[in-house]
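Let's take a walk through this structure together. Please keep the sequence and the 3D view open as you read.

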Amino acid sequence: MSNSHRPAAGAPLLRVDRVSRIYPEGAVTALLDVSLEFQKGEYVAIMGPSGSGKSTLLNLLGALDKPTAGEIYFDGQPLSGNRNLDVIRAEKIGFVFQSFHLLPSLTTLQNIQVPMLAAGRKPCSRVERARELLELVALGHRAGHLPSQLSVGQRQRVAIARALANDPPLLLADEPTGNLDSRAGAEALALFDRLHRQHGKTLIVITHSAEVAARAERVIWIRDGRIVTREAAAA
Amino acid sequence: MRLIGIVGHNVWRRKARSALTCSGIALAVATTLALVGFSSGLEQSTLECYEGRAADLVVAHAGVTQRLTSSIDERIGPRIAALPGVRAVNPCQRDMVSLGEGSLVGIPVQGWPADGLAMQSLVVAEGRRLGAGDHGGVMLGQSLAATLGKRVGEEVEIELQKFRLVGIFAGLNVYENMSVVTLLDDLQRLMDRAGQVNEFQVTLAPDLAGQPTRVGVVRAAIEALADPEGHHLGLSALPARRFAQTGAELGLARAMAWGTSLIAVSIGGFGLLNTMLMSVLERVAEIGIFRALGWRESLVARMILLEALLLSAVGAAAGVAGGWLLVRGIMYTGWLGGLLRPELSWTVLATGVSVAVLIGGLGGLYPAKRAAKLSVVEALRYE
């Protein structure tokens, strides 16, 4: 694990170029003049204290929000002028939310198919793919269960399976072990390792946990909306 | 899983609210069906009464939309009968009366001459037809006689005057079966309109059938009739169908039916709007998840709109069934059933379903737009 925000060489999957995000309603500067690069197949952890701007950065990287200034490039294409951010989210990015955000009235098999509806996959291939992914996260026997009938760790695995639905190159995870016990957390991290090593996914994980960060190839520290060194973040 | 599957889940998981919303729509559809059905039925019944009595044209005062107030000198009848292409003329006086010491009100009564085509075409079920010497006599439709419990030979009190029941007739429809027929001069006396009729029912010569140009010539000849001083009599001669469709009474019934239906539809529509808006506001975070997972604004809007349309469709189905039961129920309820004959045609049913779709579309449009325009980040933060 390196301890730097300097990217490795090569064509980046994501490039953040002098990005700022200011919320005008509260005149809050969440991010200020941030520049970063994320290489294809990289496993990166973003750490920092609460309110440091981690989630804001994740929202911008995930095309959920737009920067007030600067530009983000996905696969070399600027996101600011792109009117199809929905398509990018559907096909290029998988989200794993801290509280999983599974749809309570849908079964695990159906939850996994939700992003596939956005990508316009055919119904039969949706079901086939969802079953494959349930097997991948070792939940094939829970296909017909509702989220409320699953343990917290199982819900997290369903959320990871859903993030992989359209086989995106990038996975964004917000505090993926924040709501899990140590065993379930370890299982989730092992799954991330496998996705990174065996499937070549680019992983960007926001975390407070040193254990999670230790598994990443690179850690980016953030404080008061700026990229800082580890020492400065801890100060 | 398809989009409609998610839509179904969303509607089904709030069962009580969905059921109540559907009930509101069903009530609106049932009300529309019943009221529009009744007004269509009234129109159809009126037309049947003319056509069944061989009336091709109906002559009334031009410009008088309220048919019961039309008043024409009955001596014009023979002049119309003498026109080329006219086979017979039946003078007719109509009114609404109360019967049974006021227990039945708004009963239609028609006064016809004994030798007219209308009187001669009555199908007698009991007793006999009114003859020229039957002054003070009366005939009742079967339903009316049954409602009053009257038998041939008994007395019937109309507007406080006593008449003798000469015969009971089988009417052409429920409307006629709940009506009274008297001799023309008896009704003129009763209504204090001696020598006056509301209308002439004109039967055309058989060779004019399917000849609109020649019918038009007859109509023009009737409308051109003038008094000895050369002043136009101001008559209109309309084909029976058009006459049946253009009366003020029918127009009023139609307007009231649509007006009341519009109120019911508005209530149903606002109910649906409220339900869908609540549903969207309760699911802000969930909609945020859909958007975060790549659902386009249009897909989210389609989902909400489909939910509204699904509620409407279920409401429409229940409303059509409910409306049908409602009108059937009313038909078999006391004297009202005898007066009203609903017309549940495909047109009326299509109207009801269109109303439901309209409610669904309008009630779902704003919530759908609101859901689609939610900020993804704000929606995901929403608890």
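This is a predicted model: local features need pLDDT of at least 70, side-chain atom pairs count only at pLDDT 80 or more; totals for chains, interfaces and linings use all residues.

The paragraphs below start at the interface and then turn to aromatic pairs and salt bridges.

Residues are numbered from 1 along each chain as its sequence is written, chains are lettered from A and ligands numbered from 1 in the order in which they are written, and side-chain values use heavy atoms, with hydrogens and water left out.

Let's begin where the chains meet. Chain A brings 24 residues to the contact and chain B brings 22 residues, contact being heavy atoms within 4.5 Å. About 2100 Å² is buried between chain A and chain B, and carbon and sulfur atoms give 64% of that area; buried area is the accessible area (1.4 Å probe) that two parts lose on being put together, summed over both. Seven residue pairs, both at pLDDT 80 or more, are in polar contact between chain A and chain B. A polar contact is a pair of N or O atoms within 3.5 Å; within protein, one must be able to donate a hydrogen and the other to accept it, and residues adjacent in sequence count only if both atoms are side-chain atoms.

Which elements of chain A give two or more residues to the side that touches chain B? They are helix H2 (85-92), helix H3 (108-119) and helix H4 (123-136) of chain A, where helices (H or I, at least four residues) and strands (E, at least two) are DSSP runs, numbered from the N terminus. H3(A) gives the most, with six residues. By residue type, the side of chain A that touches chain B divides into 14 nonpolar, five polar and five charged. Here Ala, Val, Leu, Ile, Met, Phe, Trp, Tyr, Cys and Pro count as nonpolar, Asp, Glu, Lys and Arg as charged, and the others, Gly among them, as polar.

The interface of chain A and chain B also has one salt bridge, a side-chain nitrogen of Lys or Arg within 4 Å of a carboxyl oxygen of Asp or Glu. A:Asp86 and B:Arg291 form it, at 2.7 Å from N to O.

Now for the rings. Over all chains there are three aromatic pairs; rings of Phe, Tyr and Trp (its six-membered ring) pair if their centres lie within 6.5 Å, with planes under 30 degrees apart counted as stacked, over 60 as edge-to-face and the rest as tilted. One of them, B:Tyr50 with B:Phe243, is edge-to-face, at 5.6 Å centre to centre and 85° between the planes. This pair links helix H2 (residues 15-52) and helix H9 (residues 240-246) of chain B, its partners being 193 residues apart. Both B:Tyr50 and B:Phe243 are buried (buried is under 20% relative accessible area, exposed over 50%, partly exposed in between, with a 1.4 Å probe and protein chains only).

A:Arg183 is exposed at 64% relative accessibility, while A:Glu187 is partly exposed at 32%.
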